Amino acid sequence: CETDLKFLKITPGLQWNTFLGFGLTGGKTRAADSGEGDYLLRDCLEGTEETSFRIELPKGRYDLLAVTGSARAQRRTRFSVGSSVWEGQTRAGEFQAAILPVVHLQDGVLELRVEAPSPDMPWSLNLLVIRKIHAFL
């Protein structure tokens, strides 16, 4: 089965870049690696300030799958894109997945906002998968 799936590691230093067509904007983020678990969940981006991941996409319907959590600490995370919002809290060793349906009406930048609703508990983003469901003509 042929596929054109692409997985990229996003680091705190990868700021929004129009040439690349993706990157981070907003608050400070840091990389965290618990050293435990599998490679999809052991490391993440985390922070306490609102941050956005921006990506250039053609118009269409998408599902965004975002995973949050930490092997070693509690996390409280809110993801939002357009009118789709998800919020969850995890204890140490727990992970949660959120699916945000998105209707992207025109070619251009899609922005996923990530924030910590509670100032004493950081947000985390372990994994983000963007799946195109339907193209618009």
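At 10% relative accessibility, Cys44 counts as buried, because the limit for that class is under 20%. In this predicted model, Cys44 belongs to strand E3, which covers residues 43–47. Beyond the neighbours within four places in sequence, Cys44 touches Arg30, Ala31, Ala32, Ser124, Leu125 and Asn126.

**The nonpolar core**

In soluble globular proteins, nonpolar side chains tend to be buried together. Here the largest nonpolar core has 22 residues. Leu64, Phe79, Val81 and Leu110 are the residues with the most contacts inside this core. Strands that give two or more residues to the core are E1 (22–26), E4 (51–57), E5 (60–70), E6 (75–81), E8 (94–104), E9 (108–115) and E10 (123–125).

Which residues does Phe79 contact, leaving aside its neighbours within four places in sequence? The partners are Ala66, Thr68, Ser84, Val85, Trp86, Ala98, Leu100, Leu112, Arg113, Val114, Ser124 and Leu125.

Ser80 is placed in strand E6. With a relative accessibility of 5%, Ser80 is buried. Apart from neighbours within four places in sequence, the contacts of Ser80 are Val85, Leu100, Glu111, Leu112 and Arg113.

**Aromatic rings**

A pair of aromatic rings is described by the distance of the centres and the angle of the planes. A search of the whole structure gives two aromatic pairs. The pair of Phe22 and Phe53 is tilted, with 6.5 Å from centre to centre and 40° between the planes. Phe22 is part of strand E1 and Phe53 part of strand E4, so this pair ties together parts that are 31 residues apart in sequence. Phe22 is buried, with a relative accessible area of 15%, and Phe53 is buried as well, at 9%.

The pair of Phe79 and Trp86 is stacked, with 5.7 Å between the ring centres and an angle of 25° between the planes. Phe79 and Trp86 are both buried.

A charged side chain is also placed at a ring: Arg54 lies over the face of Trp16, at 4.7 Å from the ring centre.

**Pocket and cavity**

Rolling a probe the size of a water molecule over the atoms shows where empty space is left. The second largest pocket has a volume of about 160 Å³. Its lining has 13 residues, and those closest to the centre are Val81, Gly82, Val102, Val103 and Leu110. E8 and E9 are the elements that give two or more residues to the pocket lining. The largest share, four residues, comes from E8.

How many cavities of 30 Å³ or more does the structure hold? There is one. The largest cavity has a volume of about 40 Å³. Its lining is made up of Leu24, Thr29, Leu45, Thr51, Ser52, Phe53, Val114, Trp123 and Leu125. E4 and E10 each supply at least two of the lining residues, and E4 gives the most, with three. Phe53 thus has a place in this lining and in the tilted ring pair with Phe22.

**The segment before E1**

Gln15 is found in the segment before E1. Gln15 counts as partly exposed, at 42% relative accessibility. Leaving aside neighbours within four places in sequence, Gln15 is in contact with Phe22, Gly23, Leu24 and Thr25. Gln15 and Phe53 are 38 residues apart in sequence, with 8.9 Å between their C-alpha atoms.

Phe7 also lies in the segment before E1. Is Phe7 buried or exposed? Phe7 is exposed, with a relative accessible area of 63%. From Phe7 to Gly88 there are 81 residues in sequence and 24 Å in space, C-alpha to C-alpha.

The table lists accessibility values for residues discussed above.

| Residue | Relative accessible area | Class |
|---|---|---|
| Ser80 | 5% | buried |
| Phe53 | 9% | buried |
| Cys44 | 10% | buried |
| Phe22 | 15% | buried |
| Gln15 | 42% | partly exposed |
| Phe7 | 63% | exposed |

Note on methods. Residues numbered from 1 in each chain as written. Predicted model: local features only at pLDDT ≥ 70, side-chain atom pairs only at ≥ 80, totals over all residues. Heavy atoms only, no water. Core = buried A, V, L, I, M, F, W, Y, C linked by side-chain atoms within 4.5 Å. Buried < 20%, exposed > 50% of the residue type's maximum accessible area, 1.4 Å probe, protein only. Contact = heavy atoms within 4.5 Å. Phe/Tyr/Trp six-rings, centres within 6.5 Å; stacked < 30°, edge-to-face > 60°. Lys NZ or Arg CZ within 6 Å of the ring centre and 35° of its normal. 1 Å grid on protein atoms, 1.4 Å probe; cavity = no way out; pocket = protein on both sides within 12 Å on 5 of 7 lines; lining within 4 Å. Points joined across faces, edges and corners; volume = space filled by probe spheres on them.
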